[in-house]
Amino acid sequence: PSLRPGTVTKWGEWVKSKPLQINGADTRWRILGKYDLVSTNVDGTIALIDCKVSDSARDDGAFYSPQLEAYAYALENPAAGKSATVASIGLLVWNPATAIGDSKYSYGFGIYQKYLPVERDVPNFLRTIEDFINVLEGDLPDAGPECGTCTYLRARNDLDNL
């Protein structure tokens, strides 16, 4: 009931965004991924749906929000082609409940199914991506006793020299 009226029109397609921007300038980084389902809504917008086979506490949607926002970003800012307006994002969760089958080679499972809408938070997604790119493109930290990577490399080197 939380979804707008529409029909699943695409599934399992790759998306690639135009370059991500920081402070209005293009970076060398893009979003590339493969979404599960797109429903075209009667109003011309789309619903982006990620499918999960799970029974996990993280199925509340917040855990998968960055993944869904990344796909939505790529659909709204495509490297090529027409952009789409993503009206909603969410999870379609299948929880296996029973085994079904009556022969040596014909088996499946019965499921409980639920749809979990995920609240869009584009500003938080863009801040997170900007922070991530700044770490990747930034200066390396100074070496020293407080550097976890340095400590690990010294310990590994000590083991190699035994």
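1. Basis of the model. The model is a predicted one, in which local features need pLDDT of at least 70 and side-chain atom pairs count only at pLDDT 80 or more, whereas totals for chains, interfaces and linings use all residues. Residues are numbered from 1 along each chain as its sequence is written, and side-chain values use heavy atoms, with hydrogens and water left out.

2. The largest pocket. The volume of the largest pocket is about 230 Å³, where a pocket is an open set of points on a 1 Å grid over the protein atoms alone at which a 1.4 Å probe fits, with protein on both sides within 12 Å along at least five of seven lines, and where the volume is the space filled by probe spheres set on points joined across faces, edges and corners. Its lining (residues with an atom within 4 Å of a point) comprises 17 residues, of which Lys-10, Val-15, Leu-75, Lys-82 and Ala-84 lie nearest the centre. Two or more lining residues come from each of strand 1 (6-11), strand 2 (14-16), strand 6 (37-41) and helix 1 (65-76), the elements being DSSP runs numbered from the N terminus (helices H or I, at least four residues; strands E, at least two). Strand 2 gives the most, with three residues.

3. The lining of the largest pocket divides into ten nonpolar, three polar and four charged residues, on a scheme in which Ala, Val, Leu, Ile, Met, Phe, Trp, Tyr, Cys and Pro count as nonpolar, Asp, Glu, Lys and Arg as charged, and the others, Gly among them, as polar.

4. A nonpolar surface patch. Val-53, Phe-109 and Ile-111 form a nonpolar patch with about 290 Å² of accessible area together; such a patch takes residues with over 30% relative accessible area and no salt bridge, with nonpolar side chains (Val, Leu, Ile, Met, Phe, Trp, Tyr) joined within 5 Å, and the areas come from the Shrake-Rupley method with a 1.4 Å probe. Val-53 is found in strand 7 (residues 46-53) and counts as exposed at 54% relative accessibility (buried means under 20% relative accessible area, exposed over 50%, partly exposed in between, with a 1.4 Å probe and protein chains only).

5. Salt bridges. The structure holds five salt bridges, each a side-chain nitrogen of Lys or Arg within 4 Å of a carboxyl oxygen of Asp or Glu. In one of them the side chains of Arg-28 and Glu-137 meet at 2.7 Å, N to O; Arg-28 lies in the loop between strand 4 (25-26) and strand 5 (32-34) and Glu-137 in helix 2 (residues 122-137), so the pair ties together parts that are 109 residues apart in sequence. Arg-28 is exposed at 63%, while Glu-137 is partly exposed at 41%. Asp-50 and Lys-52 also form a salt bridge, with their closest N and O atoms 2.7 Å apart, and both residues are buried.

6. Arg-120 and Glu-76 meet in a salt bridge at 3.1 Å, N to O; Arg-120 lies in the loop between strand 9 (107-118) and helix 2 and Glu-76 in helix 1, so the pair ties together parts that are 44 residues apart in sequence. Salt bridges that share partners join Glu-69, Glu-76 and Arg-120 into one network.

7. A backbone point. Asn-23 has a positive phi of about 55° although it is not a glycine. Asn-23 sits in the loop between strand 3 (21-22) and strand 4 and is exposed, with a relative accessible area of 74%.

Terms used
Patches are made of residues with over 30% relative accessible area and no salt bridge: like charges are joined within 9 Å, nonpolar side chains (Val, Leu, Ile, Met, Phe, Trp, Tyr) within 5 Å.
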